[in-house]
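Open the model in your viewer and keep the sequence panel beside it. This tour says what to select at each stop and what is there.

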Amino acid sequence: MVTEFDAWMKDLRGLSPSTRRHRQAEAYRLIEWLREQDKTTESVTVADLDAYIAWRGASMRRTSIAEMVSTLRSVLRYLHGSGHLPLDLASTIKGPKIHALEGIPSTIRPDNVQRALEALKQDRSPLGRRDYAIWMLLTTYGLRAGEIVGLRLSDIDWRQERLQIRHTKTGAFSMLPLLRGPADALFDYLRHRRHTTTVRAVFLRSQAPYRALCSTSSLHGIVTRRLAAVGVFPTGKHGAHLLRHSRAVSLLRGGVPLKVIGDILGHRAERSTAPYLKLAIEDLRSVALDLPAGGTL
């Protein structure tokens with residue numbers, strides 16, 4: 001059933017591999033949960049779906065629950081359209097109401113980023129050189145974890161000093177200038193510490209078998225571990241997105257136009273970059289209006 005769902009998403013909807021994997025996983029969870037309840041998709045009810053959402057959302061934040069419910073709706077719509085679900089129950093399930101731009105991106109201070117980079121630069125082990133190259137890409141370009149994992153040797157154009165990035169969310173490609181810092185870190189890793197293999201991915205596992213980093217969770221560990229090594233334990237969202245958000249804010253504070261920041265981050269629309277405006281606190285203070293005399297908040 002899930003295999004058919006994946007084919008439908010690929011052939012008829014044209015969804016990206018990452019989106020398809022995410023929705024497949026939700027379909028698997030639902031079907032396994034129903035099986036544990038001695039239920040099938042043909043007999044599922046609204047009460048069953050409410051119980052499933054309560055079970056899935058027990059340890060989730062509001063935004064994660066809303067995303068899960070949205071994904072579940074797409075699964076239910078497919079099950080109904082393919083004849084596995086008698087009634088279209090997609091519209092009967094509700095998630096928490098999420099207001100536009102209500103979230104605040106997680107960031108860390110530039111000095112903490114620099115401390116971690118300096119500590120990494122001193123680590124001349126194969127693992128240290130690999131992680132340093134990854135960190136230079138994350139902190140320079142604000143790449144997503146999937147874009148780091150998906151980077152191939154052919155994406156580095158040394159002669160033209162360009163870096164081709166395939167954006168995991170949109171599937172679009174960007175050509176970024178290969179700046180000196182990331183270029184030196186990549187060259188050092190590829191020339192001296194990357195294991196010899198036929199694998200074309202840039203970044204490999206540090207232990208045999210030397211395959212490509214297989215998931216974005218690998219990047220989460222690399223970021224979290226290297227921050228902890230210099231005594232930095234951020235709250236909120238961790239992993240590669242933490243450095244992505246921090247890079248966006250540093251560009252914003254440096255006076256880089258929002259459109260340019262969006263182009264660097266691979267955003268298609270300026271509204272995708274707008275959430276970072278909330279983190280430019282000093283700039284917001286400069287345009288804030290004084291509270292009228294006698295006024296109250």
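**Before you start**

This is a predicted model, in which local features need pLDDT of at least 70 and side-chain atom pairs count only at pLDDT 80 or more, while totals for chains, interfaces and linings use all residues. Residues are numbered from 1 along each chain as its sequence is written, and side-chain values use heavy atoms, with hydrogens and water left out.

**Stop 1: the whole chain**

Show the chain as a cartoon: its secondary structure comes to twelve helices and three strands. Helices (H or I, at least four residues) and strands (E, at least two) are DSSP runs, numbered from the N terminus. Of the 297 residues in the chain, 40% are buried. Buried means under 20% relative accessible area, exposed means over 50%, and partly exposed lies in between (1.4 Å probe, protein chains only). Contact means heavy atoms within 4.5 Å. Among contacts between residues at least 6 apart in sequence, 56% join residues at least 24 apart.

**Stop 2: helix H2 and helix H4**

Select residues 17-36 for H2 and residues 62-81 for H4. At what angle do H2 and H4 pack? The angle is about 75°, and the axes are 9 Å apart. Axes are lines fitted to C-alpha atoms, for helices over the stretch in contact, and angles run from 0 to 180 degrees between N-to-C directions. H2 and H4 are therefore roughly perpendicular to each other. The cut-offs are under 35 degrees for roughly parallel, over 145 for roughly antiparallel, 65 to 115 for roughly perpendicular, and oblique for the rest.

Now show side chains where the two helices meet. H2 brings His-22, Arg-23, Glu-26, Ala-27 and Leu-30, and the residues they meet in H4 include Met-68, Leu-72 and Leu-79. The residues of this contact of H2 with H4 divide into seven nonpolar, three polar and three charged. Here Ala, Val, Leu, Ile, Met, Phe, Trp, Tyr, Cys and Pro count as nonpolar, Asp, Glu, Lys and Arg as charged, and the others, Gly among them, as polar.

Stay on H2 and colour its buried residues, among them Arg-20, Gln-24, Ile-31 and Trp-33. The buried residues of H2 pack against helix H1 (2-13), helix H3 (46-56) and H4.

**Stop 3: Asp-38**

Asp-38 is exposed, with a relative accessible area of 73%. Its phi is positive, about 60°, although Asp-38 is not a glycine. Most residues other than glycine have a negative phi.

**Stop 4: Trp-55**

Go on to Trp-55 in helix H3. Trp-55 is partly exposed, with a relative accessible area of 47%. Trp-55 and Trp-33 are 22 residues apart along the chain, and their C-alpha atoms are separated by 9.6 Å.

**Stop 5**

Select Asp-131 in helix H6 (residues 126-141). Is Asp-131 buried or exposed? At 0% relative accessibility, Asp-131 counts as buried. Not counting residues up to four places away in sequence, Asp-131 touches Leu-120, Ile-222, Arg-225 and Arg-226. The side chain of Asp-131 also makes a polar contact with the side chain of Arg-226 (3.0 Å). A polar contact is a pair of N or O atoms within 3.5 Å; within protein, one must be able to donate a hydrogen and the other to accept it, and residues adjacent in sequence count only if both atoms are side-chain atoms.

**Stop 6: helix H10**

Finish with helix H10 (residues 240-253). Ten of the 14 residues of H10 are buried, so H10 is largely enclosed by the rest of the structure. The buried residues include Leu-242, His-245 and Val-249. They pack against helix H5 (110-122), H6, helix H7 (145-149), H9 and helix H11 (258-265). Just after H10, Gly-255 takes a positive phi of about 85°.

Definitions and conventions: Expected span 1.5 Å × (residues − 1).
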